[in-house]
Amino acid sequence: MDGIKVVNVSKVYTVEKEPVKVLNGINLNISANKITVILGRSGCGKTTLLRLVAGLENFEQGEILGTDVMRKAYVFQEDRLMPWLSVKKNITFGLKKEEIDEKRIQEIIEMVGLGAFENAYPSQLSGGMKQRASIARAFAYKPDFIMMDEPFSALDFFTREQMQKELLKIHNKTKCSILFVTHSIDEALILGDKIVILEKGLVKSEYEIERTTENRDLLDDQFLQLKKQIIDDLKVI
């Protein structure tokens with residue numbers, strides 16, 4: 001499967017009858033089978049770009065190539081589970097009966113660490129467990145491409161760290177393409193095969209990172225230096 005190309009895409013919102021350009025001619029290649037992380041300050045256009053790639057919003061200029069042949073899934077900041085459905089039924093929600101492979105669904109449930117909770121309801125789960133169920137639902141859809149909008153931002157440090165590790169394990173097994181939005185530099189460094197810095201609706205810089213190991217040591221000189229570069233990129237002059 002080829003990746004996605006964002007070509008000269010601009011997006012304008014109307015705020016109090018005045019046009020506000022949120023994205024201003026974005027050009028970006030999103031590689032297949034990789035985790036591409038969009039990083040930037042609040043209001044830089046990260047979520048807007050994600051929603052445009054997902055087809056949830058229209059844009060005024062440019063084109064996005066490659067998404068029409070893809071099976072896509074979207075993971076929001078909040079879990080958006082159905083409170084009246086069990087974990088397992090939430091994970092299979094939206095699938096046609098003939099699409100449900102019980103063995104595969106069980107494997108996904110075990111993969112995200114919810115094997116003992118498949119019959120529990122969302123009200124009985126912690127925040128981290130709800131997000132696990134949400135991610136499992138996305139992978140159960142058998143997507144070619146998953147968009148994730150700061151899915152771990154509301155979690156405590158330890159749960160967030162664990163969820164990052166779980167996502168890497170799932171990605172390593174499925175090789176699904178992922179476009180991941182965050183405002184955390186450390187999270188971008190942990191997850192990203194490619195980090196894209198957005199500023200004021202434009203791509204300011206991009207960094208490719210070779211994944212030599214599943215768990216990266218952010219105290220390694222390579223990552224300390226890269227973090228310094230990213231911090232410099234994010235400074236508003």
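In the predicted model, three strands form an open sheet in the order β2-β1-β4, with antiparallel pairing. From one strand to the next, the twist averages 30°. Strand β1 (residues 4–15) is joined to strand β2 (residues 18–30) by 10 bridges, and the two run antiparallel. Within this pairing, I4 stands opposite I30 of β2, while V9 has I26 in β2 as its bridge partner. The hairpin of β1 and β2 has 2 residues between the strands, and E16 takes a positive phi there, near 50°.

A further open sheet comprises 6 strands in the order β5-β6-β7-β3-β8-β9, and its pairing is mixed. Strands β5 and β9 (202–208) stand at the edges with a single partner strand each, so one side of each is left without a neighbour in the sheet. Neighbouring strands of this sheet are turned against each other by 15° on average, direction ignored. One of the parallel pairings links β3 (residues 35–39) to β7 through 5 bridges; here I35 lies opposite I178 of β7.

Helices lie against the strands of this second arrangement. Helix α1 (residues 46–54) lies across β3, β5, β6, β7 and β8 (194–199), and runs at about 155° to β6. Helix α4 also packs on the sheet, where it touches β5, β6 and β7, and its direction makes about 175° with that of β5.

Helix α4 spans residues 127–140. Its 14 residues reach 20 Å from the first C-alpha to the last, close to the 20 Å expected at 1.5 Å a residue. Because 12 of its 14 residues are buried, α4 is largely enclosed by the rest of the structure. Among the buried positions are G128, M129, Q131, R132 and R137, together with F139 and A140. The elements covering the buried residues of α4 include the strands β5 (72–75), β6 (145–149) and β7 (177–182), as well as the helices α2 (87–91), α3 (102–111) and α5 (157–174). After α4 comes K142, whose phi is positive, near 55°.

The largest nonpolar core contains 47 residues, of which I146, F180, L189, I195 and I230 touch the most other members. Helix α4 supplies the largest share of this core, 7 residues. For I195, contacts beyond four places in sequence are made with V37, L39, A188, L189, S205, E206, Y207, I209 and I230. A second, separate core of 23 residues includes V9, C44, L50 and F145.

Cysteine residues were also examined. The relative accessible area of C44 is 5%, and this residue is therefore buried. C176 is likewise buried, with a relative accessible area of 5%. A search of the whole structure finds 0 disulfides.

Methods: Residues are numbered from 1 along each chain as its sequence is written. This is a predicted model: local features need pLDDT of at least 70, side-chain atom pairs count only at pLDDT 80 or more; totals for chains, interfaces and linings use all residues. Side-chain values use heavy atoms; hydrogens and water are left out. A disulfide is a pair of cysteine sulfur atoms within 2.5 Å. Buried means under 20% relative accessible area, exposed over 50%, partly exposed in between (1.4 Å probe, protein chains only). Two strands pair if DSSP finds at least two bridges between them. Helices (H or I, at least four residues) and strands (E, at least two) are DSSP runs, numbered from the N terminus. The expected span of a helix is 1.5 Å times one less than its number of residues. Contact means heavy atoms within 4.5 Å. A nonpolar core is a set of buried Ala, Val, Leu, Ile, Met, Phe, Trp, Tyr and Cys residues joined through side-chain atoms within 4.5 Å. Axes are lines fitted to C-alpha atoms, for helices over the stretch in contact, and angles run from 0 to 180 degrees between N-to-C directions.
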